[in-house]
Amino acid sequence: MASIEITSPHRPRTLPSLRQIAESAFPIIAIYFLMWVVYGLVEPSALSLYSIEALFNNSLPLMLAAAGATFVILQGGFDLSVAGVISLANVVVAVMPMEGPLGGVANLAMVVAIGLLVGAVNGFVVAYLRIQAIAATLATMIMCKGAALLILKAPGGFVSDFMAYELTASFFGIVPIAGVIAVAIMLFWAVFRSTNTGRSLIAVGQDENAAALSGIDVARTRFTSFLWAGAFYGAAGYMLAAQTSTGNPNGGDPFLLLSFAAVALGGTAFGGGRGGVTASLFGAATLMLMQKVLFAVGVSSFYTGVVQGAIMILAVLFSAFVLAVTRQRKSR
Amino acid sequence: MMQENEIMSDATMDIEDKRSSARISGEFVTVVMIFGLTIAMILASRAISPAFGSWSQAETILYLGSFLVFCAFGQGLVILVRGLDLSIASVITLGGVLTASLMNGSNEGLFYLVPAILGACVLVGTISGIGVAYFRIPPFIMTMAVGLIVYSLCLGFTQGTPRGYPAPFLSGFMQAKFLSIPAPIYLLLVFVIIGTVLQSYSAFGRKLNAVGNNPLAAYIAGLPSGLLIVSAYAVSALCAGFTGMMLAGYANGATLRMGDSYLLPSIAAVVVGGSSILGGQGNFVGTVGGALLLTTLATILTALGFEQGWKTIMEGGVILIALIALRDESFAFLREQFRKRG
């Protein structure tokens, strides 16, 4: 069935079916650009280079977090440690700023290493000790938050000029670096999804037993997904520090909810086996853009949460609805 | 009599020695261990300060822990039916904010405001439950989203700063003493008894256990699974709203973040108390033990002068250790060891 679709190497090229379109990143990309049109109409000044750059910079941390969460969700797990790792990475960068591009790379390496470490703990406990992912990652999230508080008690610290100014600027003054990073991740995912690791990730999410029977090391696939997730969370904390130019031990808290909302909005199925990183990136970008649009049309910022929560529920319902409709068509 | 009993029990012990290993239930061991650990910690804390290890410290722990026990009961029911309630923090805030702003420092209308406020909370829980049970939305997504919506509504309703005071009756009750024991401790006792009966001995509780244990079997047996799941979420929201009301009475006002420090501990208390996070197993007495253990730990760590960071790390560590220790494999190992000795 669905697993054949993904693993068959030579599919005859025909027009994509309704289901394939609905399950791809296409709907969320369409929604994203539609929202830009609305935003541009409501507030024409939004289309200036400055505000586009600012929006990209605002969105990138959430996009990275959502990308990381997607790896775990695709194989059928959940990872709540996202909030903890982002906070931890954020404060680590803010108390140990290193100047220059090399310093920036060193900082990035540090936080990615932290993310990998937390991911390894999560992966070990979930994949090998077989403890429920939500509960285990809840515990590691709390521990990371504690570690972040130990490093920095209150918001403070500062980041290197390289991160604060150069990373958040634009190439040649017209191409926002944040946008380039996002495109790079999409390209990475396009390659990754057809590698063995990528395929086994989705196979495990679709049917764990079938995957195991066809020779996939399920535990190792799970473990790896947490590693990727941790690395992306670390990078998200890094970009959050670059964007805010400061460290905040609670900076990761809003990401817990928003990263899941972004993944849901992108159409990736909770429970695994369906979706992708590109869709989540657009889901995250759409969420951030939506905040701006809501503000532009005059919704009080107090009520942004109502819209975000409602969209999260609707996105999950819509995704389930599409699946049900397309399944029905197929069985007919 | 005493002697006879002792001899009797000795004799039965001898006879049943080999079987005793097989009879150790994981739940029972956990409950005994947790209460033992809590009491040992309170007694050992005498070494830190003479004010500790006393009855008055135990009283404080019971008082402060009661808020966690209230909301952990609801969390436990939701976890029992294979769910998770992440809206608890927001519903506590909702209960607190409504209590402060609607009561507005007067006892007037107390008799209809209390049911109205709790009713609003139950409505929130019912919505979460319907989303989970009938629309098949993953529990933690549904409750997280509903929590976000409720919090956002509280924010808008109060315009960022909650005002007002709870009824004097409520704050009076929180400070009242009866036979030199704080009144809320009696409330805690009554709550624990009702909660235990409801979860483990009532028809409702047994049905919830059945749904959590094996939803398919429960469905085939003709249980209204959907309705039962919705009711678990509704009870959870009711308990959270009640916690918010009591907290508002305790602090004589409400804040928008008053629920935050109860969400994660409520899950921790349930898990530490020996309930399976996978659902279908657990009892409220264990949860109460878990809540008191966490409260005791927090009190002692504060007294020892640990930073907030260390306290948070240990809180997470306790959950992780409990999860690893309470796996079925661990109990199988424990039983094996007992058997070898027997």
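Helices (H or I, at least four residues) and strands (E, at least two) are DSSP runs, numbered from the N terminus. The views below show a predicted model, in which local features need pLDDT of at least 70 and side-chain atom pairs count only at pLDDT 80 or more, while totals for chains, interfaces and linings use all residues. Residues are numbered from 1 along each chain as its sequence is written, and chains are lettered from A and ligands numbered from 1 in the order in which they are written.

**View 1. Ala251(B) in helix 11 of chain B.**
Ala251(B) is found in helix 11 of chain B. A residue is buried if 20 or more other C-beta atoms, placed from the backbone, lie within 10 Å of its own, exposed if 12 or fewer, and partly exposed in between. Ala251(B) has 15 other C-beta atoms within 10 Å, so this residue is partly exposed.

**View 2. The side of chain B that touches chain A.**
Here 38 residues of chain B are in contact with 34 residues of chain A; two residues are in contact if their C-beta atoms, placed from the backbone, lie within 7 Å. Helix 6 (139–158), helix 12 (260–272) and helix 14 (308–325) of chain B each supply at least two residues of this side. Helix 6 of chain B gives the largest share, 13 residues. By class, the side of chain B that touches chain A has 26 nonpolar, 8 polar and 4 charged residues. Ala, Val, Leu, Ile, Met, Phe, Trp, Tyr, Cys and Pro count as nonpolar, Asp, Glu, Lys and Arg as charged, and the others, Gly among them, as polar.

**View 3. Ile141(B) and the largest nonpolar core.**
A nonpolar core is a set of buried Ala, Val, Leu, Ile, Met, Phe, Trp, Tyr and Cys residues joined through C-beta atoms within 7 Å. The largest one holds 203 residues, of which Ala65(A), Ile141(B) and Ile319(B) touch the most other members. Its largest share, 17 residues, comes from helix 11 (residues 225–251) of chain B. Apart from neighbours within four places in sequence, Ile141(B) is in contact with Phe260(A), Ala264(A), Phe270(A), Met312(A) and Val316(A).

**View 4. Helix 13 of chain A.**
Of the 13 residues of helix 13 of chain A, 11 are buried, so this helix is largely enclosed by the rest of the structure. Among the buried residues are Phe255(A), Phe260(A) and Ala264(A). Gly267(A), which follows helix 13 of chain A, has a positive phi, near 90 degrees.

**View 5. Helix 3 against helix 12 in chain B.**
Helix 3 (residues 55–80) and helix 12 of chain B pack at about 65 degrees, their axes 8 Å apart. Axes are lines fitted to C-alpha atoms, for helices over the stretch in contact, and angles run from 0 to 180 degrees between N-to-C directions. Residues of helix 3 that meet helix 12 include Phe67(B), Cys71(B) and Ile79(B), and those of helix 12 include Tyr262(B) and Val270(B). The contact of these two helices has 10 nonpolar, 3 polar and no charged residues.
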